[in-house]
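Work through the exercises below with the model open. Try each task before reading its solution.

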Amino acid sequence: GEGAFGTAYLAEQLGTDRQAVVKIAHAHLMQGPVKREIQARYEAEVRAASRVQHPALCTFYTAGTTSDGLPAMATEFIRGETLGAFLLSGPPRDVVQQLFRQLGEGVVALHANGIVHRDLSPENVMVDRSGDALRVKIIDFGIAKLTTQPSSGQHPLGTPRYMAPEQ
């Protein structure tokens with residue numbers, strides 16, 4: 001997949017059977033005037049993603065740089081689809097309620113650990129179909145904010161349709 005700041009690849013961890021998503025910053029952004037901002041965003045994403053573990057949150061594995069010096073991180077690969085795609089399939093009301101309860105528990109865990117996701121949209125929530133029961137997993141902490149850190153800018157961040165009203 002491709003986003004504004006980087007590309008995500010499906011990878012297999014060497015020596016294991018574990019798949020992961022490896023997100024690498026776009027090279028062209030790391031050479032221009034926004035290099036420091038992109039580096040800071042990756043560092044903030046690593047801090048946010050690694051701060052808390054919860055069944056409703058994507059598991060963070062590791063971070064570092066590529067041989068080209070590009071920021072990179074690896075997270076859990078989630079078998080399934082986005083919440084947006086799942087909802088379009090018309091699931092039963094009780095299933096939707098169960099998934100949104102899990103989503104709420106994930107948000108509570110984030111907030112209890114001083115993290116505001118800032119881009120909680122149906123495209124940043126995966127419905128995991130790998131186990132016996134459906135589970136939601138919140139992904140993409142790219143613009144998350146740690147409440148202990150000062151804001152990095154004055155403009156709102158996130159998916160406009162899903163932004164908090166105060167933004």
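The exercises cover a pocket and some salt bridges in this predicted model.

**Exercise 1.** Describe the lining of the largest pocket.

Solution. 
- Start with the volume: the largest pocket holds about 800 Å³ of space.
- Next, the lining: 34 residues form it, and Ala8, Val21, Lys23, Ile139 and Asp140 lie nearest the centre.
- Sort the lining residues by class: 17 are nonpolar, 10 polar and 7 charged.
- Then look at the elements. Strand 1, strand 2, helix 1 and strand 4 each supply at least two lining residues. Strand 1 gives the most, with 5 residues.

**Exercise 2.** Which parts of the chain does the salt bridge between Glu45 and Lys23 link?

Solution. 
- Check the contact: the closest N and O atoms of Glu45 and Lys23 are 2.9 Å apart.
- Apply the cut-off: buried means under 20% relative accessible area. Glu45 has 6%, so Glu45 is buried. Lys23 has 17%, so Lys23 is buried.

**Exercise 3.** Is Glu37, the salt-bridge partner of Arg41, buried or partly exposed?

Solution. 
- Arg41 and Glu37 meet at 3.1 Å, N to O.
- They sit 4 residues apart in helix 1, so about one helical turn separates them.
- Arg41 is buried at 13%. Glu37, at 39%, is partly exposed.

**Exercise 4.** Trace the salt bridge between Glu76 and Lys137.

Solution. 
- The N to O distance is 3.4 Å.
- Glu76 lies in strand 4 and Lys137 in strand 8, so the pair ties together parts 61 residues apart in sequence.
- Both Glu76 and Lys137 are buried.

How values were computed:
Residues numbered from 1 in each chain as written. Predicted model: local features only at pLDDT ≥ 70, side-chain atom pairs only at ≥ 80, totals over all residues. Heavy atoms only, no water. 1 Å grid on protein atoms, 1.4 Å probe; cavity = no way out; pocket = protein on both sides within 12 Å on 5 of 7 lines; lining within 4 Å. Points joined across faces, edges and corners; volume = space filled by probe spheres on them. Nonpolar A, V, L, I, M, F, W, Y, C, P; charged D, E, K, R; others polar. Salt bridge = Lys/Arg side-chain N within 4 Å of Asp/Glu carboxyl O. Buried < 20%, exposed > 50% of the residue type's maximum accessible area, 1.4 Å probe, protein only.
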